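Please brief me on the side-chain contacts and strand pairing in this protein. Keep it short and sorted by topic.

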Amino acid sequence: MLHSCRLRSRILKLSLKTCGCKFTQRNIHDVGFNDIPIICGSDIRKLLRKGGLAVQDGYSSYVTKCAICSGKDKGENNKLYVNKATGYFICPKCNIYGDWNILERLLKKAKMEPNIKDYIEQLTQKFQQFQKDWQDTISITSSLSEIKENDVIDIFKLFEFPYYPDACKFLSDVRVSNEHNILYFPLKNVVDEVIGYRKIQAGREEEAESYGEHTAGLFWCKAQKVGHSTQAVLVPSIQDVIHLAAHKIPGTLVWLNNCNLPPIVLPTLEKYQKLCLWGDWNNMHSVAEKLGEERCRFVRPTDGLVTASESAAANLSLKTLVSEAKPAAHRSITTFSALKDDVYAELINIDKVRGVKWRRFPALTRLLGGHRRGELTILTGPTGCGKTTLCAEMSLDLAEQGVNTLWGSFEIRNSRLARTMLQQFVGVPLEQNLQDFHRYAEDFQKLPIYYLAFHGQQQIKVVMEVVEHARYMHDIAHVVIDNVQFMLGLGDGRELDRFLRQDAVVAAFRTFATARHCHVTLVMHPRKERESEDLSTSSIFGSAKASQEADNVLIIQDKRLTAVRGKKYLQVAKNRYSGDLGVVPLDFEKNSLSYQSKKKKGKPEDADKLLDQCFEEYSFNENSNEKKMGNWGQTKKPRNKTDNESASSYLSDILNLNRTR
């Protein structure tokens, strides 16, 4: 079903409103099922041909003539790209793009509708405004190739880029501010036209800002004196691009920022017959699916060196590694020889295989190793114990580290969930800090968190279609369903037994997690047990299928109501990865709605006592040069001014030495 039917969606931006102010940034979404038609690739092709358009079957898109700009200009670049999976279309020449329903109306109507005409005019004006802004940026900046070599070296040191003598030549399109502390990377489409740019400031490289139609463009370059090639090498960082260009790797070198590949950018890579992916395979796997696995090759890690920068630092031949890149997927694996490279790569790269580590829950990381793609986690606990709050913080921790997360909250409203996560994010009560709300919300919106616009009972078929669509559109790596019982609802007599329906839900998400290489967390209620008894894997509501299919089972044990000095803790009851079991104490902080472990702070008097001991330990006698070592019980002779100055000078030297290490 998921393979034969494809979807496109209208993404509704979630605006955080307060005091009459609205935030319109794109990073927090509601992903709903409204206005999401079921589209098959054959239907797209049929409609295009019915409109009298010749259709070329590409790797990820159908290619045809643009109905808008083909009548104005008879050039060769007026191609229209229609995504096979979503029906989303884009014309790189006239920069018109939109959902499938817009293109459908354009093709079926002999005369353009007024609202469609207004939509096209708005896109045209928007692009013209960007062109003006880009020209203004060019006028106040300089090309990297125009700057003196000594200044280029200083710029590369400031941004921690590897420097090569020809670096300013193959990065000639990069613009530099007059203060040499900001870089502007132009993003181009398939016709080599700048449609956006990425702005990076020294010291804040992780907070890169994008402008224009940045989601539809990529930054790329080619090594000097390298022939044309139908190959492109995709890497996650600009440092990797510089290393590859300096080693004269043939082909186009593409900076795929953080391995994110929105479907709108796929036409930019349509012309390449061979794509070489070099980076963390957990992230590159979804990239290969979108681009077409038959033309993708993957550079396998060598001795634990995952990226091109790490391999270059180890003085390995980058040309050899690229030439030896292997197919991204094995369709028929029947022998160990086909698996040998994958097994070896996992053994030498064991730390990354463990997954993304929780920063807020180090004890949980020690037990589970980390958050890994392709696994299914069950979280359960008694009613009112804080399952949603804990799950929200665990997913927030991962989202802060770049794990794209899709939340399906069927029990509480999305606004309530977003408020909880925002308060956990900032660590202070929001109602007492309203003056800083806009700043907090602006930072929170930058996190890759998306929300399903569902509430209450939903059919599993509908939910899975939207989850599949969100994974394709937004590279989702973590799906949270809270909770399974609310999603199922009570049902009616005509439906299957409730236990069977729950088993179907677990089976569907188990298959999705494995097939789509995505982690799924299911929050489930337990059966009603005696309060004095601990919950176990057999306490999960329904049949034993949930605990059997799950890779990890986490249970919140709440003993505060059954014991005088009872505690609440998280129990790891099942760990398929390593088998390590144990408990994680949970201490709730109400002001921040957080369960993260608190760091033990030393008492101020401890530091003063240590300082006094240092002075005593390194004090000198009036009549001898021997140190008094540790005999604190004896009465010490009073020190004169010279003794105090000596001890102070000696301690100062020790502190200064520590600072310079």
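Buried means under 20% relative accessible area, exposed means over 50%, and partly exposed lies in between (1.4 Å probe, protein chains only). By that scale Lys 169 is partly exposed, at 49%. This is a predicted model, so local features need pLDDT of at least 70, side-chain atom pairs count only at pLDDT 80 or more, and totals for chains, interfaces and linings use all residues. Residues are numbered from 1 along each chain as its sequence is written, and side-chain values use heavy atoms, with hydrogens and water left out.

**Salt bridges**

- A salt bridge here is a side-chain nitrogen of Lys or Arg within 4 Å of a carboxyl oxygen of Asp or Glu.
- Side chains of opposite charge can pair when their charged atoms come close.
- The count comes to 20 salt bridges.
- Lys 169 pairs with Asp 166, with 3.9 Å between the closest N and O atoms. Asp 166 is partly exposed, at 32% relative accessibility.
- Asp 436 and Arg 439 form another salt bridge, at 3.6 Å from N to O. Asp 436 is partly exposed at 21%, and Arg 439 is partly exposed at 47%.
- Lys 545 bridges to Glu 549, with the closest N and O atoms 3.0 Å apart. Both residues sit in helix 19 (residues 545-549), 4 residues apart, which puts about one helical turn between them.
- Lys 545 is partly exposed, with a relative accessible area of 22%. Glu 549 is partly exposed too, at 23%.
- A network of salt bridges links Glu 289, Glu 468, Arg 471 and Arg 516.

**Helix 15**

- Helices (H or I, at least four residues) and strands (E, at least two) are DSSP runs, numbered from the N terminus.
- Helix 15 covers residues 437-444, and its buried residues are Phe 437, Tyr 440, Ala 441 and Phe 444.
- Viewed down the axis of helix 15, these buried residues fall within an arc of 95 degrees, so they line one face of the helix. The arc is that of the directions from the helix axis to the C-beta atoms.
- An α-helix has 3.6 residues a turn, so residues three or four places apart point the same way.

**Aromatic rings**

- Rings of Phe, Tyr and Trp (its six-membered ring) pair if their centres lie within 6.5 Å; planes under 30 degrees apart count as stacked, over 60 as edge-to-face and the rest as tilted.
- The structure holds 15 aromatic pairs.
- Phe 410 and Phe 454 are stacked, at 6.2 Å centre to centre and 25 degrees between the planes. Phe 410 lies in the loop between strand 24 (405-409) and helix 14 (414-426), and Phe 454 in the loop between strand 25 (449-452) and helix 16 (460-474), so the pair ties together parts that are 44 residues apart in sequence.
- Phe 410 is buried at 0% relative accessible area, and Phe 454 is buried at 9%.
- Phe 588 and Tyr 595 form a tilted pair, because their centres are 5.1 Å apart and their planes are at 50 degrees. Phe 588 is partly exposed at 40%, whereas Tyr 595 is buried at 5%.
- Phe 127, Phe 130, Trp 134, Tyr 184, Tyr 197 and Tyr 211 make up one aromatic cluster.

**Charges over rings**

- A charge sits over a ring if NZ of Lys or CZ of Arg is within 6 Å of the ring centre and within 35 degrees of the ring normal.
- Arg 198 lies over the face of Trp 255, 4.7 Å from the ring centre.
- Lys 290 lies over the face of Tyr 472, 5.5 Å from the ring centre.

- Two strands pair if DSSP finds at least two bridges between them.
- Strand 24 runs parallel to strand 25, with 3 bridges joining them. Trp 407 stands opposite Tyr 451 in strand 25.
- Strand 24 also runs parallel to strand 26, through 5 bridges. Trp 407 has Val 480 as its bridge partner in strand 26, and Gly 408 stands opposite Ile 481.
- Strand 26 (residues 478-482) has 5 of its 5 residues buried, so it is largely enclosed by the rest of the structure. His 478, Val 480 and Asp 482 are on one side, with Val 479 and Ile 481 on the other.
- Strand 26 is joined to the parallel strand 27 (residues 519-524) by 5 bridges. Asp 482 stands opposite Val 523 in strand 27.
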